[in-house]
Amino acid sequence: INAQKFPTDDIAVRKAILLSVDKTALIQTAQQGVFTPTYGPMVGMPEYNVSALESMYSYDPKKAAELLIGAGWAKNGQYWSKGGKELALTLTAISTVPAYPLIAQALQSQLQANGMNVTVTQLAVPAWLDANLKGTMSLTPLQYVAVDPAALHLWFEPGYYNWSHYTNPKLTKLIDQGQQTSVVAERQRIYEQAQTLIMEQAVMMPIHQNADLLLMAKNLSGVTYAGGGFEYFLGASLS
């Protein structure tokens, strides 16, 4: 979620977006319900701490409306507006990966039902990357695989992948501390704090687990896996 571009530069709008999305219904609509909803950026890692995250943005359009009203937004017609500007969002999606437009369209439907005017723009990868880098989009679906929470520095410190265009000295300090300590318990505590801060600032919307759906014949053996769940077939054989 782009934290620099109007209207998602308003934390009330970002939180309202998260509260306006029913993840279970979205996954059912866009992906036949085959994935598990997620609530933070470190799924599958000890630092994920789902119990502290899953209730943070439960589907609650009424609470979303209260946040927007408290931040000066008003809904006189179909959509929210503030200072003469409509709560209009540009949602980009990679056109050549079918899952992304499907997620984008399901998000569009839910957000529009809650008073946000959403335009879905499908782009080829180069144009999509350019929009992310320049921050011309409001939000975009993507996925990323990592095996260590240190990867947070890619997304939330200045650099190529900071597509939320969000930095925070406190968050940067936590991420840097996590990279510099080798004490497992201390690392976990630090990254849990970082994850909580990211979600409190609503600069991303976790949707579902990045799981591979595989069908494998019973007579196939020798498939090996790398971190992140990637399959390698070099030693595979059929019996």
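**Reading contacts, burial and helix geometry in a predicted model**

Analyst: Lys-82 counts as partly exposed, at 32% relative accessibility.

User: With which residue does Lys-82 form a salt bridge, and how far apart are the closest N and O atoms?

Analyst: A salt bridge is read from the distance between a side-chain nitrogen of Lys or Arg and a carboxyl oxygen of Asp or Glu, with a cut-off of 4 Å. Lys-82 meets this criterion with Asp-10, where the closest N and O atoms are 3.6 Å apart. The two residues belong to distant parts of the chain: Lys-82 is in strand 1 (residues 81-82), whereas Asp-10 is in the segment before helix 1 (11-19), 72 residues apart. Asp-10 counts as buried, with 17% relative accessibility.

User: How many salt bridges does a search of the whole structure find?

Analyst: The search finds four. One of them joins the side chains of Lys-134 and Asp-130, at 3.3 Å from N to O.

User: Why are Lys-134 and Asp-130 separated by about one helical turn?

Analyst: The general idea comes from helix geometry. An α-helix has 3.6 residues a turn, so residues three or four places apart point the same way. In this structure, Lys-134 and Asp-130 are four residues apart in helix 6 (residues 125-134), and therefore about one helical turn separates them. Lys-134 is exposed at 59% relative accessibility, while Asp-130 is partly exposed at 35%.

User: Where do Arg-187 and Asp-148 lie in the chain?

Analyst: These two side chains also meet in a salt bridge, with an N to O distance of 2.9 Å. Arg-187 lies in helix 9 (residues 184-200) and Asp-148 in the loop between helix 6 and helix 7, so that the pair links distant parts of the chain, 39 residues apart. Arg-187 is buried, at 17% relative accessibility; Asp-148 is partly exposed, at 29%.

User: The next topic is aromatic pairs. How many does the structure hold?

Analyst: A pair of aromatic rings is described by the distance of the centres and the angle of the planes. The structure holds nine aromatic pairs. Among them, Phe-6 and Trp-73 are stacked, with 5.9 Å from centre to centre and 25° between the planes. Phe-6 lies in the segment before helix 1 and Trp-73 in the loop between helix 4 (61-70) and strand 1, so this pair ties together parts that are 67 residues apart in sequence. Phe-6 is partly exposed, at 32% relative accessible area, whereas Trp-73 is buried, at 3%.

User: Which geometry do Tyr-144 and Trp-155 show, stacked or edge-to-face?

Analyst: Tyr-144 and Trp-155 are edge-to-face: the centres are 5.2 Å apart and the planes are at 80°. Tyr-144 belongs to the loop between helix 6 and helix 7, and Trp-155 to helix 7, so the pair connects parts eleven residues apart in sequence. Tyr-144 is partly exposed at 40% relative accessibility, and Trp-155 is buried at 14%. Both residues are members of a cluster linked by ring pairs, together with Trp-128, Tyr-160, Tyr-161 and Trp-163.

User: Finally, what span should helix 5 have, and how far apart are its end C-alpha atoms?

Analyst: At 1.5 Å a residue, the 15 residues of helix 5 (residues 99-113) should span 21 Å; the end C-alpha atoms are 21 Å apart, which agrees. Just after helix 5, Gly-115 takes a positive phi of about 85°.

User: Which elements cover the buried residues of helix 5?

Analyst: The buried residues of helix 5 include Tyr-100, Ile-103, Leu-107, Gln-110 and Leu-111. The cover includes helix 1, helix 2 (23-31), strand 3 (88-94) and strand 4 (117-123). Gln-110 illustrates the reading of burial: at 14% relative accessibility, Gln-110 counts as buried, because the limit is under 20%. Leaving aside residues up to four places away in sequence, Gln-110 touches Ser-20, Val-21, Asp-22, Ala-25 and Leu-26.

Conventions. Residues are numbered from 1 along each chain as its sequence is written. This is a predicted model: local features need pLDDT of at least 70, side-chain atom pairs count only at pLDDT 80 or more; totals for chains, interfaces and linings use all residues. Side-chain values use heavy atoms; hydrogens and water are left out. Buried means under 20% relative accessible area, exposed over 50%, partly exposed in between (1.4 Å probe, protein chains only). The expected span of a helix is 1.5 Å times one less than its number of residues. Contact means heavy atoms within 4.5 Å. Rings of Phe, Tyr and Trp (its six-membered ring) pair if their centres lie within 6.5 Å; planes under 30 degrees apart count as stacked, over 60 as edge-to-face and the rest as tilted.
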